[in-house]
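Please look at the structure first and then follow the description below.

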Amino acid sequence: MTPAARIETAIQLLTEIMDTPRPADAIASLFFKNRRYIGAKDRAAVAGQAYGVLRRWARLSWWIEKVGAPVTPRTLVIADLMLSQGKTPESIENNFAGGRFSPPPMSDAEWKLAKALETRTLAHPKQPDPVKVEVPDWAAEPLQRAFGDRFLAEMGAMLGEAPLDLRVNPVKGTREEAIAQLAAAGIEAKPTALSPVGLRLEGRAPIMALQAYKDGLIEIQDEGSQLVAFLTDAQPGMQVVDFCAGAGGKTLAIAAMMENRGRVVAADVLAGRLTRAKERFRRAGLHNIETRPLANERDPWVKRHKLRFDRVVVDAPCTGTGTWRRNPDSRWRPLGPGLSELEGLQASILESAARLVRPGGRLVYATCSLLPEENERQVEGFLARHPDFTLLPVPEAWPANWGAPPVKDVMLRLTPLRHDTDGFFAAVMVRKDDGSAPVAEGEGEAEEAGEA
Ligand SMILES: C[S@@+](CC[C@H](N)C(=O)[O-])C[C@H]1O[C@@H](n2cnc3c(N)ncnc32)[C@H](O)[C@@H]1O
């Protein structure tokens with residue numbers, strides 16, 4: 001592809017991302033699937049340009065609006081070429097030559113924009129703090145309140161790309177074996193600092209094409225997500241529910257901890273996600289997982305199984321503010337419910353799922369959000385309504401034989417700045433075992449769960 005064709009294709013991709021209410025990753029993957037003639041290097045360049053704009057969106061938009069131009073995929077790319085890539089207006093004009101494989105010629109407003117940005121840099125001291133660190137309006141106030149004078153540093157650490165983390169599946173092999181297999185494929189992987197079964201790769205690698213992946217020895221999972229799963233301290237033989245299992249990232253880690261013994265129920269309201277998760281369970285060689293599609297969090301299955309489970313995980317739907325490095329588009333186009341709707345849903349899911357926990361059992365509440373409204377406030381509210389639950393500090397919840405706990409705090413709050421993981425929150429609560437809990441109804445309804 002010529003540089004002009006790459007620019008035009010990036011503008012097309014960006015237009016699809018801005019116009020389609022789906023995650024950018026899904027849109028990009030379909031975009032390239034429909035254009036198989038685009039080779040790997042060109043694909044990387046086109047995606048790099050489009051994602052670069054998504055990562056620099058607020059600062060680019062700030063400049064475009066300052067100059068009085070409309071914010072469009074074309075002006076965003078023009079501003080990015082000027083401010084991030086040091087191009088001149090003339091060189092951009094040369095690429096915007098029209099014809100089959102180039103962007104149509106620049107309008108007067110676009111030319112004026114390019115000229116106005118000559119000698120400028122992306123950052124400007126007059127940019128408001130949220131613009132400097134690419135924080136959208138809907139999240140600025142709660143994040144500023146949460147981080148105080150660390151706001152700029154914490155959010156600044158979310159501007160770059162996330163590393164690629166893997167989790168080694170102990171059912172299939174050791175971390176050393178995985179490192180050796182990756183090295184044989186020319187991929188350097190280093191042990192993660194906090195997860196005892198994690199590996200970190202700098203840069204991208206075609207993981208899914210590797211034999212180690214196909215054999216289930218490695219899975220893609222952020223180190224923070226691995227740590228949340230380990231806080232269950234799920235033991236072989238236990239009964240566990242992963243209430244918001246989704247595509248099964250944490251279910252896999254939990255079932256592997258249990259060495260394939262006992263039972264894990266992967267539940268979710270999206271049956272399609274559970275179906276996709278089954279393939280991952282199979283690849284991982286895990287046979288102790290059942291799937292349970294739920295109509296909603298108050299599905300009658302919950303009542304029928306109350307007080308039955310040793311461990312219940314609620315990995316609640318959330319704003320995903322902790323994953324902005326991976327999903328820069330989610331800052332600008334939050335696709336699910338808004339914060340206040342999520343707060344109600346999170347409380348309702350926690351309330352219902354808690355019924356499943358047996359006396360002495362654990363309830364792990366987690367999000368990939370950095371917002372206290374979705375995290376500490378939910379846990380505090382739940383504990384105030386349920387004096388039969390108490391908080392178990394992270395160092396006490398952490399499995400005894402898994403090395404040092406990742407943090408010394410009562411609740412787990414991971415951020416890219418401080419832990420070099422995605423942003424994650426988790427709190428572990430235990431139902432008191434003092435004989436005051438109601439007795440479980442009926443027994444042995446395992447056969448009701450779907451086959452994994
Ligand atoms: C953060 S994602 C889960 C990610 C997953 N645990 C993992 O580690 O890969 C939250 C999940 O909650 C599910 N969910 C949304 N509303 C729900 C509800 N009312 N009851 C149960 N699950 C729900 C969503 O479908 C989504 O899969």
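**Basis of the description**

The model is predicted; local features need pLDDT of at least 70, side-chain atom pairs count only at pLDDT 80 or more, and totals for chains, interfaces and linings use all residues. Residue numbers start from 1 along each chain as its sequence is written.

**Overall fold**

The protein contains 21 helices and twelve strands. These elements are DSSP runs (helices are H or I with at least four residues, strands are E with at least two), numbered from the N terminus. The C-alpha trace spans about 75 × 50 × 40 Å along its principal axes. A compact globule of 452 residues would have a radius of gyration near 22 Å, and the 24 Å of the protein agrees with this. That radius is taken over C-alpha atoms, and the globule rule is 2.2 Å times the number of residues to the power 0.38.

Of the 452 residues, 42% are buried. Here a residue is buried if 20 or more other C-beta atoms lie within 10 Å of its own, exposed if 12 or fewer, and partly exposed in between, with C-beta atoms placed from the backbone. Of the contacts between residues at least 6 apart in sequence, 74% join residues at least 24 apart. Two residues are in contact if their C-beta atoms, placed from the backbone, lie within 7 Å.

**Surroundings of the ligand**

Which residues come nearest to the ligand? Of the 19 residues around the ligand, they are Cys-244, Gly-246, Gly-249, Glu-297 and Asp-315. A residue counts as near if its C-beta atom, placed from the backbone, lies within 6 Å of the molecule. The shell has nine nonpolar, five polar and five charged residues. In this scheme Ala, Val, Leu, Ile, Met, Phe, Trp, Tyr, Cys and Pro are nonpolar, Asp, Glu, Lys and Arg are charged, and the others, Gly among them, are polar.

Cys-244 lies in the loop between strand E5 (239-242) and helix H14 (249-257). Beyond its neighbours within four places in sequence, Cys-244 is in contact with Asp-268, Val-314, Asp-315, Ala-316, Pro-317 and Ile-349. The C-alpha atoms of Cys-244 and Val-312 are separated by 9.9 Å, with the two residues 68 residues apart along the chain.

**Annotated positions**

An unreviewed UniProt entry places the feature "binding site" at Asp-268 and Asp-315. They span 48 residues in sequence, yet no two of their C-alpha atoms are more than 10.3 Å apart, so they gather at one spot. UniProt positions follow the numbering used here, feature names are shortened, and annotations may be inferred rather than shown by experiment.

Asp-268 belongs to strand E6 (residues 263-268), and Asp-315 to strand E8 (residues 309-315). Leaving aside neighbours within four places in sequence, the contacts of Asp-268 include Cys-244, Gly-246 and Arg-273, while Asp-315 is in contact with Cys-244, Lys-250 and Ala-366.

For "active site", UniProt (unreviewed entry) lists Cys-368. Cys-368 sits in the loop between strand E9 (357-367) and helix H19 (376-385). Apart from neighbours within four places in sequence, its contacts include Cys-318, Thr-323 and Asp-422.

| Residue | Other C-beta atoms within 10 Å | Class |
|---|---|---|
| Asp-268 | 23 C-beta atoms | buried |
| Cys-244 | 25 C-beta atoms | buried |

**Helix H15**

Helix H15 (residues 271-283) has 13 residues, which at 1.5 Å a residue should span 18 Å; its end C-alpha atoms are 19 Å apart, which agrees. The expected span is 1.5 Å times one less than the number of residues. The buried residues of H15 are Leu-274, Ala-277 and Phe-281. An α-helix has 3.6 residues a turn, so residues three or four places apart point the same way. The buried residues of H15 pack against H14, E6 and strand E7 (289-293). Gly-285, which follows H15, has a positive phi near 70°.

**Backbone angles**

Most residues other than glycine have a negative phi. Glu-134, not a glycine, has a positive phi of about 60°. Glu-134 is in the loop between helix H8 (129-132) and helix H9 (137-147), and is buried, with 21 other C-beta atoms within 10 Å. Leu-307 has a positive phi of about 65°. Leu-307 is in the loop between helix H16 (300-304) and E8, and is partly exposed, with 16 other C-beta atoms within 10 Å.
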